[in-house]
Amino acid sequence: MPSRGWGMMRGRPKTTTIFRSEVMSLVQLYIPSDVARYAVLQLGEIGLVQFRDLNVEVSAFQRSFVNDVRRFDEIERKLRYLHSQLERSGVDVYEFLDDGFAGSSRGPRDIDEMEERINAHDDRVLKLTAAFKNLQLKHLELLENKYVLEEVSSLFSEMAGRGGAPGAQGGRASVATGGAPGLDAAPLLTRTDTSSRRSIGSLDAARAGDTDFDIEAGGVGRDINVGFIAGVIQRERIATLERVLWRSLRGNMFLNYVDIEDPIRDPKSDGPVYKSAFIVFAHGASLRDRATKIAESLGATLYQVDSSAERRQEDLIDTMSRLDDLQQILENNAVARVNELTGVAEQINTWFTVVRKEKAIYHTLNLFNYDANRNCLIAEGWCATSDILAIQSALHVATENAGSNVPTVLQELRTTKEPPTFVRTNRFTDGFQNIVDAYGVPKAGEVNPGLFTCITFPFLFALMFGDLGHGALMTLSAALLCAYEKRLAWLAKSESLRMFYSGRYIVLLMGVFSMFTGLIYNDIFSRAMSFFPSGWAWPADQGGEGVTVEAARLGGVYPIGIDPAWHHASNSLLFTNSYKMKMSIVLGVIHMTLGICLQVPNALHFRKRINIVHVFVPQIIFLCSIFGYLVFAIVLKWSTDWYARDAGGELTHIGPPSLLNMLIYMFLSPGKVSDSEKMFRGQAALQGFLLLTALVCVPWMLLVKPLILRREHQKIVSEGYGRISSHVRVSTEGEGLGGAVIVAEQEEMEEDDFDFADIMINQTIHTIEFCLNSISNTASYLRLWALSLAHAQLSEVLWTMTFLPTLKMSGSLQPVAIMCGFAVWFVLTVGILIGMEGLSAFLHALRLHWVEFNNKFYDGTGVKFEPFSFKAVLDEADEQ
Amino acid sequence: MNEIHFNVDAGYLEGIVRGYRDGLITAPQYLNLTQCETMDDLKLQLATTDYGSFLQNEPSPISTSTLAARCTDALVAEFQYLQQNAAEPISRFLDYITYGYMIDNVVLLITGTLHERDTHDLLEKCHPLGLFDSMPALCVATTVQDLYSTVMVDSPLAGYFRECLSAEDLNELNIEIIRNTLYKAYLEDFYAYCRGLGEPTASIMAEILSFEADRRTVNITINSFGTELSKDDRAKLYPRLGSMYPEAQTRLARVDDMDQVKAILEQYGEYKNMIVGVSLSASAAGSGGGSGVLSLEDRFFGKEVQLNKDSFEQQFHCSVFYSWLRLKEQEIRNVVWIAECISQQQKDKISNYTPIY
């Protein structure tokens with residue numbers, strides 16, 4: 001039977017609570033084409049409508065407004081380019097947002113204007129950047145040339161310096177021989193010694209006045225056979241260059257290189273590049289050509305370097321002066337660029353926002369249909385029924401903005417479609433609702449567990465995290481986050497802190513509740529608190545090592561929580577374990593009972609009486625007759641004074657019974673209770689009766705509902721109503737609209753296939769699951785005790801292992817030790833006890849809600865309402 | 001036993017590469033691509049694929065060559081990410097994959113130099129995965145001996161090059177011979193290496209590489225018709241592996257026309273279906289003939305895609321890296337083909353791509 005509950009809800013008061021999701025309406029909008037952009041703009045600002053795609057079968061580039069989308073894509077690309085240029089030149093982007101423009105009232109003309117301005121900026125920046133790059137390339141060239149000149153000169157002087165000094169007066173021959181050891185790697189020079197040395201010598205003689213290295217260098221350069229090439233190459237390539245040259249010239253070369261200390265800015269990648277200047281001597285023009293080719297292919301830039309020292313000097317001076325000029329131009333250009341970009345930087349944030357909004361508008365318009373005359377656009381979407389007024393007024397504003405007098409028409413459609421689920425949340429409930437949504441989004445109209453989670457979640461957490469001190473620290477940090485939430489909003493941007501920030505209210509409540517349970521457990525950083533006089537007194541005589549002393553009972557009972565005297569009592573664990581275990585069971589059963597009870601409002605809402613009578617009632621009876629009775633026994637045991645004596649001094653009770661055994665023997669030997677375990681009169685009979693009721697409930701749950709469903713179905717079939725393949729036409733309520741085309745849409749309802757076997761199997765599974773789960777889930781709540789025990793013990797261990805020893809120390813070092821001990825203790829407390837233990841308790845609380853609580857009543861098969869809003873669009877763009 | 005330790009070093013990479021695989025363009029997406037009217041439409045459609053971020057900053061009238069270049073950039077970026085994160089033996093395996101591109105680049109450079117093209121233009125055309133340090137220096141070599149002793153000797157291809165040294169001078173024919181000899185040596189070496197990696201890599205790669213070898217064998221045979229290549233030389237170029245080695249290869253070495261090739265291929269189950277209905281005369285050139293009719297080349301591509309898809313069916317082996325790269329390459333070929341058809345207004349041939357998923 002399909003649920004029709006939705007339509008029936010309409011008569012009810014339209015309240016906005018977190019108990020159920022909002023009442024939703026499917027609305028249809030007839031928007032005149034010239035208002036369309038304004039209308040969507042307004043709707044995007046208020047963010048209340050989720051539009052349906054009416055052109056599902058049309059592919060993305062065939063839709064009506066694809067050209068507009070493309071236009072804004074192009075503008076966005078230009079903006080991205082400008083932004084990258086801003087980053088490159090280190091101009092700060094203004095965070096400023098021009099609300100007047102980015103807001104809601106801009107028209108197409110403003111957009112055109114903006115586009116023009118962006119285009120103009122883009123053009124200018126492009127040109128300036130191109131010019132800048134050009135200049136930079138020239139600059140780079142000159143710079144490299146300068147380095148090459150310098151390095152070549154120093155190379156020559158080095159060579160000459162090594163070889164020249166001893167041979168200064170001995171003629172050329174000694175230069176040659178002296179040069180050899182300095183040029184180990186230069187077989188060329190050593191080999192050409194004999195053949196070409198003489199000619200060099202004769203040339204040198206003619207230039208007797210020159211200094212040593214000049215002659216050497218000049219000689220090499222002027223020799224027709226031995227020439228050199230010089231250039232600059234990336235530093236990591238130099239080894240390759242050398243190797244390849246060596247191989248291809250068969251060793252007939254000599255390469256020397258010097259690393260250029262300063263990184264050279266590469267205009268292409270805009271990063272620093274380390275380069276080396278090199279010089280290659282090779283023999284003969286063809287080999288030099290080859291070397292040139294190789295060097296160039298490996299990415300080296302070659303420079304003409306003259307062989308004579310003076311010319312080199314002149315070149316160097318010339319280059320330097322040109323470099324200076326160019327530097328000047330470069331700086332001017334950079335200033336112009338920065339000026340241009342500063343203009344952009346002021347506006348770019350606004351532009352980005354506007355362009356993204358406009359793009360979103362046209363994406364949304366692409367979801368709409370044109371009517372037959374193409375005069376207006378038809379949109380369909382979901383919105384909360386209570387928001388319709390707000391939407392209408394937004395549409396009104398849009399019409400005014402557009403300067404049109406044709407109003408936009410909004411009408412509600414009746415539909416059987418399942419609406420998306422819209423749970424209105426605020427800052428506080430948002431975090432809790434997220435916890436629920438992570439399990440499953442509530443179906444429309446279903447009871448939303450988020451309401452209960454707001455309190456039960458932090459409470460169950462606190463039961464596992466009970467410590468006043470830890471709770472206080474947690475509260476403090478969360479309270480700071482909440483108090484300064486606007487200023488700390490940036491935290492939400494960091495991936496690791498986002499969870500903590502968005503869950504700040506959860507953490508706050510968890511902290512507050514932990515303080516409360518800490519008070520009840522009487523634990524503050526594992527220490528006891530004695531706010532009130534204890535109900536026990538330790539004997540004044542301390543006894544001695546290894547002697548057990550017994551505390552004497554005083555008259556009063558400690559007013560709140562556990563008596564501090566239990567701390568450090570040797571049986572304190574026995575006491576707290578038993579207490580916490582029972583507490584866990586009691587709270588767990590209450591929690592689950594609440595879950596089962598929530599089936600009632602669900603059934604009422606969806607008009608399924610059968611779910612109350614034949615699902616809820618047997619379930620609640622089953623649970624109460626077994627675990628409800630256990631809870632009763634626990635409370636009874638707590639409230640009985642098992643060691644009370646009557647007037648004659650005799651014990652009135654035999655002794656405290658074991659509840660575990662009681663529960664086990666309730667099943668094993670029904671109707672009997674051994675005398676030593678007896679708690680009250682009539683116990684045996686009561687237990688037998690309860691067991692019987694529980695057993696009766698099982699077939700009730702299993703069989704009754706499917707059988708009733710089958711009977712109803714057969715009744716319908718026998719009356720001849722079966723299998724109407726029903727198409728429900730979506731009809732509009734406003735009939736008086738001339739010209740408005742109603743989008744006729746046929747909604748196929750899911751076929752009323754009644755399959756008894758399916759239902760039976762389903763029911764069997766549900767029944768078995770419920771019965772088994774009632775046991776396993778109850779046991780599962782014992783984690784409350786287990787984690788609380790672990791937490792208490794861990795914090796105790798931390799105290800005694802790190803901080804306590806320093807307090808017991810004596811001597812002058814004690815203050816230092818206390819300081820260190822405290823630091824260690826505090827860091828570990830925050831890191832392990834609050835951080836890690838907190839996460840683990842969080843996880844277990846989450847599990848108790850998802851598994852133990854939600855599976856009692858919650859489907860969670862809804863679809864989340866995602867309205868079209870600029871805020872979401874911009875947030876998404878920011879994240880990228 | 002390999003499987004137990006596989007995830008220690010390669011689990012992350014395998015996850016990544018499987019993710020990459022899931023990013024491949026699917027059939028409905030291809031359908032959308034083929035419906036595009038202009039290159040802008042195509043760009044819009046591609047924006048939702050893995051190529052989106054590589055295309056988004058291109059100014060709007062986009063050319064086919066830019067598209068191809070950006071797509072290759074995407075491929076290279078993904079492959080390099082794998083390489084950077086790889087440990088032995090995956091890193092070595094990935095290196096092996098790049099050798100194939102190196103061979104192509106070397107041959108491209110040599111041919112270019114022979115035709116006196118500009119070295120820098122040539123370098124830009126080289127596949128970025130097949131670059132090695134001293135590669136640019138290839139342009140100065142004029143003899144095979146030179147090539148080897150100058151450049152190739154310390155490239156990873158040195159070992160493969162030794163067999164080519166017999167060729168004397170560089171001309172078109174010799175370059176083709178060098179290419180095929182290199183590729184043959186590469187395939188054999190790669191095959192042996194994969195053998196050493198153990199199961200299941202060995203068997204999966206064996207299948208893929210055998211197919212590759214068979215394809216080369218057939219292509220060499222077909223391409224050698226009407227050239228100066230002697231039949232003995234032709235036999236020497238066949239890779240010594242694959243299902244056609246050795247008996248079919250000895251027979252293929254002697255054939256003179258397409259019909260004989262067809263007759264030999266028909267004896268192999270996996271190729272029998274492939275050649276049915278193929279107009280073999282048109283397929284010699286490789287690129288597809290008329291619309292609708294798939295050439296032998298296309299059938300080979302289809303088979304290759306199938307093999308590579310199959311390799312994803314198993315886990316804990318290196319072949320996925322090879323297969324993913326091949327599939328991605330095929331995808332780029334498809335996209336470029338569609339783009340060409342759109343920009344040249346040849347919509348009737350647009351569906352001649354090889355669908356992958």
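Predicted model: local features only at pLDDT ≥ 70, side-chain atom pairs only at ≥ 80, totals over all residues.
Residues are numbered from 1 along each chain as its sequence is written, and chains are lettered from A in the order in which they are written. Local features need pLDDT of at least 70, and side-chain atom pairs count only at pLDDT 80 or more, with hydrogens and water left out of side-chain values.

Most residues other than glycine have a negative phi, and most peptide bonds are trans. In chain B, however, the bond from Glu88(B) to Pro89(B) is cis, with omega near 0°, and Pro89(B) lies in the loop between helices H5 (64-85) and H6 (90-114), helices being DSSP runs of H or I with at least four residues, numbered from the N terminus. Phe316(B), in the loop between H17 (296-311) and H18 (319-343) of chain B, has a positive phi of about 60° and is partly exposed at 23% relative accessibility. Arg607(A), whose phi is near 55°, is exposed, with a relative accessible area of 52%; buried means under 20%, exposed over 50%, and partly exposed in between, with a 1.4 Å probe and protein chains only.

In chain A, the axes of H22 (683-718) and H23 (756-780) come within 9 Å and cross at roughly 160°, where axes are lines fitted to C-alpha atoms over the stretch in contact and angles run from 0 to 180 degrees between N-to-C directions. H22(A) is therefore roughly antiparallel to H23(A), a term used for angles over 145 degrees. The contact (heavy atoms within 4.5 Å) includes Leu702(A) of H22(A) and Phe770(A) of H23(A).

Conventions:
Helix = DSSP H or I, 4+ residues; strand = E, 2+ residues; numbered from the N terminus. Parallel < 35°, antiparallel > 145°, perpendicular 65-115°, else oblique.
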